[in-house]
Amino acid sequence: MTTSSYKKNLSRFQSVIALFVLCIVLSFLTDKFFTAANGVNVLRQVAVNVCIATGMTLIVLTAGIDLSVGSVLALCGAITAGLLKNGLQFPSADLYIGFTILGAVLGAVIVGGVLGLFNGFAITKFKVPPFVATLAMLTIARGFTMLYTGGHPISNLGASFAYIGAGNFIGIPVPVWIAAIVVLLAVFITKKTKLGRYIYAIGGNETAAKLSGIRINRVKLIVYSLGAALAAIGGVIVTSRLDSAQPNAGLSYELDAIAAVVIGGTSLNGGKGSVWGTVIGAVIIGVLNNGLVLLNVSPFWQQVVKGAVILLAVIIDKMGDKKE
Amino acid sequence: MLEAKNISKKFSGVTALSNINLVLHPGKVNAIIGENGAGKSTLMKIFSGVYAQYEGDIIYKGKPVKFAGTRAAEEAGIAIIHQELNLVPYLTISENIFLGREITNAFGVLDKKKMNEKARELLARLNFSADPDTKVAAIKVGQQQLVEIAKALHSDASVIIMDEPTSAISDKEVDNLFSIIAQLKNEGKTIAYISHKFKELFTVADHYVVLRDGATVAAGDMQHTTQEILIEKMTGRNILIQKRTANFQDAPVLLSLKNVCLRHPELPSTNLLTNISFTLHKGEILGMYGLMGAGRTELMEAIFGLHPKNATGEIAVEQSVKKIKSPCDAIGAGIALVPEDRKLQGLILNQSVNTNISLTVLEKIERWGLLLSAAKEKDLTSKYINKLSIKTSSGDKAAQSLSGGNQQKIVIAKWLATNPKILLLDEPTRGIDINAKSEIYKLMKALAAEGMGIIMVSSELPEILAVSDRVLVMCEGELTANLPIDNASEQELLKYAIHKNNP
């Protein structure tokens, strides 16, 4: 192996190394960190962010961004709870449609996908910059959440629904299984399918991609609806875990997702990065949160540290780029 | 006034200028003439401080000078008006004129009133009565040019360089520009005027300098020369060219265009292409010559479906009319386009050679219509890496790590992978070394022998003459000549490229 490819591999694994170092340091600082129970705990906490950040990765790889995922999460969580509890009621037609758990979840995910399609439509058809289009959706979806819930939580959704967010399967929390499936699917898409190639190509050089006959708009519509659908899955998990849909759920989740993407080494300019990197990024954030809590660091300082880590991650990444 | 002495300039080893000597006569209009790539722009960029690294001396007002940047050149009194105007569209006329040289009052606050007054004064000198508070985006290109000139006047420039000033303005605006140039001359300003348009040069210029292949080949008085002499000086190469001799008139028609027009996307009344009709036969290499801005690239783009909203006319492939509204449609019709700028349009630079080559044909390397197969991809790409002898240690290397010639071969490879019937090549050898060039020529000839129809857009006359079976010449969006290679010579082609009517 030549030194240059050795260095390249090193930079590819730098977030893994950072995670490793972080874990070792925390193990020395507190006995409570390196235990199986705490490990499971961390994974459970990061599962939702992993789902959202995976979708965000696909979007960022096309050189886009989605600021609306937190609000979409809240709206879809509320819709799941609403469908479960109240179903769809049409008093004028004297019609009532009840929903099973699966039906409610599917309904929410479909609504999420449609909201993402709206984002994609504004971005491709009307050339609204992704930042602005999804910023608008952030407000719109939050507004609909308030309208749908009347500003009150929808609670008491039943023990079987709670299994999704709080249950265990073979000793591992169900949300972790869900996140794992999401990640594996996304890795498969990015590494093994045409769609994945197109995503990287569009982010790498949109003009060249267009001239190569790639239907750019179609690919963008797909990634934005996937991103929002994954936010909806996050909404289902959050609602289930709390046994309640909170109208202000998911506030600033988009920032955690973007942070995971960036720490994981995906370039906001698109075309460079990976889903695996994002998973590592999300786990780093989770471990950091967890460790700082265990060390009794004040929540205010936790925010400062998190911000500093994001900045550091990007600076190190840039330095690696320059060397290449 | 301004003098260049033995100026040489290299770009990463490639010589752009070698021992240029020229004098800009004070108070006169000095025409700088030369083919595309002769070195005009490079020289002007040295004069105006864009390039600070060069060999030789610039003598300005009798003293040798060396400008560290554009700012230094401007302060010394040399202003350049670029072909693509350098204005901030959403600032006002006055704000643009004073950009970087704002007038402030005693408190350091912008003195808008004073600036507008001064701007009005400057504009009045140019017979341009606009409100200085108008946004630049709201005025016409010709008027924007006047703003650029006002900017130069404000900086009290004594040398004004104009790069193709009439390329984007109407005839009426040209007349106005010429009267302003005459006035500037009266005020004692020295003007360097770069243009391809001989009619204009004979109207406006006093002296000329001809550049060819980065060297000065002739200079003199405009009055004592003719267009023919200048054209000869511009081309005057003596290269043995092996012309192709085949005749394809009887071969089946692969591509035919009928009355293809292309509207300007922003100025609906002007056409970028007007009534283009021609045919391309099986096995034929069609050269497409023209000067910068003649519309050659736009024509290739129109054929490839990149202007679905503004293009009209009929495009037929193998005698059947095709609706080509997107690159996908074009690829489906058997057309491939190797674009002009491989880095901006052809390649995804940070991705591997393999990924770039297979991008156009991913469905060919799929298993079960779902999964991309690395093995199939390698089979496909290594075939083309060998066929085009792309020099890379592995197909996994990033495209950006390869040389220009090899990068260009990747772009060609990714299009050959689609098995096109018609291959459009836009400046396929720009910026690549001699060896890679001749390899690409060989490849083109081999592909044509296999029955592909090829259109090669090029600004290099020797290349056009060496490779083509037939040559089309374009000028200002129109087809001005369609010559069998036997009737084509450098002088002849240049004549058609320069003049739209009665060459």
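1. Confidence first, as this is a predicted model. Among the elements of chain A, helix H11 (residues 216-242) has the highest mean pLDDT, 96, while helix H1 (residues 3-12) has the lowest, 53. Chain A as a whole averages 89, and 95% of its residues score at least 70.

2. Where pLDDT is low, the predicted coordinates should not be read in detail.

3. Now the contact between the chains: chain A brings 17 residues to it and chain B brings 22 residues. On the chain A side, helix H9 (194-204) and helix H10 (206-211) each supply at least two residues. H9(A) gives the largest share, five residues. Sorted by class, the chain A side holds six charged, seven polar and four nonpolar residues.

4. Chain B has an open sheet worth a look, with four strands in the order S12-S11-S14-S15 and antiparallel pairing. Strand S12 (271-281) and strand S15 (320-322) of chain B are at the edges with a single partner strand each, so one side of each has no neighbour in the sheet. On average, neighbouring strands are turned by 15° against each other, direction ignored.

5. Within that sheet, strand S11 (residues 253-263) of chain B runs antiparallel to S12(B), joined by seven bridges. Arg263(B) has Asn271(B) in S12(B) as its bridge partner.

6. Finally, helix H9 (residues 296-303) of chain B lies across S11, S12 and strand S14 (311-317) of chain B. This helix runs at about 65° to S12(B).

Definitions and conventions:
Residues are numbered from 1 along each chain as its sequence is written. Chains are lettered from A and ligands numbered from 1 in the order in which they are written. This is a predicted model: local features need pLDDT of at least 70, side-chain atom pairs count only at pLDDT 80 or more; totals for chains, interfaces and linings use all residues. pLDDT is the predictor's confidence in each residue, from 0 to 100. Two residues are in contact if their C-beta atoms, placed from the backbone, lie within 7 Å. Ala, Val, Leu, Ile, Met, Phe, Trp, Tyr, Cys and Pro count as nonpolar, Asp, Glu, Lys and Arg as charged, and the others, Gly among them, as polar. Two strands pair if DSSP finds at least two bridges between them. Axes are lines fitted to C-alpha atoms, for helices over the stretch in contact, and angles run from 0 to 180 degrees between N-to-C directions.
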